[in-house]
Amino acid sequence: MPFLDDIQAQLQEIRDEGLWKEERPLSSPQGGRVQVAGREVINLCANNYLGLADHPDLIRASQEALGEMGYGMASVRFICGTAEIHRQLEQRLARWLGHDDAILFAACFDANGALFEPLLGPQDAVISDSLNHASIIDGIRLCKAQRYRFANSDMADLEAKLKEAREKGARNIMIATDGVFSMDGYFANLPEIRRLADEYDALVMVDDCHATGFVGATGAGTPERAGVKVDVITGTLGKALGGAIGGYIAGPQPVIDLLRQRARPYLFSNALPPAICAASLVAIDMAEKGDDLRAQLTENTAYWRAGLTDLGFELLPGEHPIVPVMLHEAPKAQAMAAKLGELGVYVSGFFYPVVPKGRARIRTQMNAALTRADLDTALAAFEEAGRATGALQ
Ligand SMILES: *Cc1c(COP(=O)(O)O)cnc(C)c1O
């Protein structure tokens with residue numbers, strides 16, 4: 001069958017290019033240490049920043065909600081799928097993040113897919129950072145606004161695109177950026193983006209998936225850290241806030257009201273299970289009050305960065321718990337990741353096309369569930385793997 005033959009050829013191409021991705025099933029809860037293929041390993045690649053994925057308080061809250069509200073809603077929100085706890089969670093998210101209201105989605109991928117199309121028409125423009133997440137790129141593709149892209153965090157380029165959009169008579173302009181760029185762990189320059197947006201009368205949309213819960217004084221994310229107000233924020237329940245599933249958009253009341261009327265992933269997709277909403281409410285309480293968890297995460301990040309630097313590894317600079325170890329060449333990153341796996345440290349290598357050619361790396365991520373002993377064991381493994389693969393002299 002030619003159709004399947006074509007697909008087989010594509011699969012072979014992916015393998016030949018060394019880009020094949022394998023799943024590695026866990027047989028334990030997500031945590032600082034996990035069971036993979038019958039073996040306990042230290043996990044340095046989860047988005048479990050606050051270590052809440054297996055937290056007893058979240059498990060208890062979701063179990064209680066299962067008992068009270070059952071398993072599933074079996075409906076989209078506007079037919080008969082809205083439970084009281086959905087509205088409770090939306091209002092809680094909005095209050096925490098400093099917005100009028102919020103709207104839940106099955107995932108942040110859906111939130112970003114939902115956002116642009118109802119809000120921006122052909123007379124409008126959207127200006128997007130070139131390193132934005134795939135879901136923002138797809139969401140923008142679905143809307144009819146004029147599209148502009150600026151080089152990653154290049155504020156001169158952003159200004160040039162704002163000028164161009166204004167000169168071409170755009171009605172409304174929205175700047176879209178990740179709050180944190182996940183390959184590098186770099187923060188978006190929100191103060192300057194806000195300043196330019198105000199100068200050119202544009203809106204700012206931030207996707208804060210790699211920040212909400214652990215960045216900023218109360219975990220409210222990159223706008224809180226930068227001390228700026230953004231117009232619309234999107235985020236996930238699937239990373240720091242317990243790691244299950246779900247996404248949201250928070251923003252001004254009219255924006256959220258229109259999304260509730262028009263956003264297709266909201267109108268045509270099932271409501272989140274109440275058990276996830278219940279655990280998310282607990283996760284938000286813990287994140288908002290969670291100075292201890294954030295302090296542990298910050299301490300782990302500082303210790304990890306210092307340890308790798310002392311060993312002689314090249315890191316990308318920064319303070320985010322994403323700590324990329326630069327190996328530059330893809331085979332070196334692959335060899336390092338494989339050797340670390342043998343030594344009981346679970347990491348993920350990234351190379352072209354996920355990052356530019358010559359910028360291959362191992363992206364490590366810290367979380368609050370990792371102990372000092374875990375980090376010392378992992379540092380010893382990095383040293384051994386570094387010497388074995390020639391990454392360290
Ligand atoms: C993880 C992530 C998403 C997707 O979130 P899900 O809730 O898993 O769909 C979107 N944007 C960014 C920047 C992310 O890191």
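In this predicted model, helices α13 and α15 are roughly parallel to each other, because their axes cross at roughly 25° and angles under 35 degrees count as roughly parallel. The two axes come within 10 Å. Helix α13 covers residues 291-311, and α13 passes α15 in a right-handed crossing. On the α13 side, the contact is formed by Glu299, Asn300, Tyr303, Trp304, Gly307, Leu308 and Leu311. Facing them on α15 are Arg372, Leu375, Asp376, Ala378, Leu379, Phe382 and Glu383. By class, the residues in the contact of α13 with α15 are eight nonpolar, two polar and four charged.

Helix α15 (residues 372-389) also packs against helix α14 (residues 330-342), at an angle of about 135° and with the axes 9 Å apart. That angle makes α14 oblique to α15. The crossing in which α14 passes α15 is right-handed. From α14, the residues making the contact are Lys332, Ala335, Met336, Lys339 and Leu340. From α15 they are Ala381, Phe382, Ala385, Gly386, Ala388 and Thr389. Seven residues of the contact of α14 with α15 are nonpolar, two are polar and two are charged.

The crossing of α4 and α12 is left-handed. Helix α4 contributes Ile85, His86, Gln88, Leu89, Arg92, Leu93 and Trp96 to the contact. Helix α12 contributes Pro274, Cys277, Ala278, Ser280, Leu281, Ile284, Asp285, Ala287 and Glu288. The residues of this contact of α4 with α12 divide into ten nonpolar, three polar and three charged.

The angles and axis distances of these pairs are listed below.

| Helix pair | Crossing angle | Axis distance |
|---|---|---|
| α13 and α15 | roughly 25° | within 10 Å |
| α14 and α15 | about 135° | 9 Å |

At the level of domains, the chain is divided into domain 1 (19-50 + 290-389) and domain 2 (56-288). Taken over C-alpha atoms, the centres of domain 1 and domain 2 are separated by 27 Å. Their contact takes 22 residues from domain 1 and 21 residues from domain 2. About 1,600 Å² of area is buried between domain 1 and domain 2, and carbon and sulfur atoms give 57% of this area. Leu50, Arg294 and His320 supply 32% of the area that domain 1 buries against domain 2, more than any other three residues.

Two backbone features remain. Most residues other than glycine have a negative phi, and most peptide bonds are trans. Ala37 has a positive phi of about 50° although it is not a glycine. This residue, Ala37, lies in the loop between β1 (33-36) and β2 (39-43). The peptide bond from Tyr352 to Pro353 is cis, with omega near 10°. Pro353 is located in the loop between β14 (348-350) and β15 (360-365).

Notes
Residues are numbered from 1 along each chain as its sequence is written. This is a predicted model: local features need pLDDT of at least 70, side-chain atom pairs count only at pLDDT 80 or more; totals for chains, interfaces and linings use all residues. Side-chain values use heavy atoms; hydrogens and water are left out. Axes are lines fitted to C-alpha atoms, for helices over the stretch in contact, and angles run from 0 to 180 degrees between N-to-C directions. Helices (H or I, at least four residues) and strands (E, at least two) are DSSP runs, numbered from the N terminus. Angles under 35 degrees count as roughly parallel, over 145 as roughly antiparallel, 65 to 115 as roughly perpendicular and the rest as oblique. A crossing is left-handed if the near helix is turned anticlockwise from the far one by less than a right angle, and right-handed if clockwise. Contact means heavy atoms within 4.5 Å. Ala, Val, Leu, Ile, Met, Phe, Trp, Tyr, Cys and Pro count as nonpolar, Asp, Glu, Lys and Arg as charged, and the others, Gly among them, as polar. Domain bounds come from an automatic or database domain assignment. Buried area is the accessible area (1.4 Å probe) that two parts lose on being put together, summed over both.
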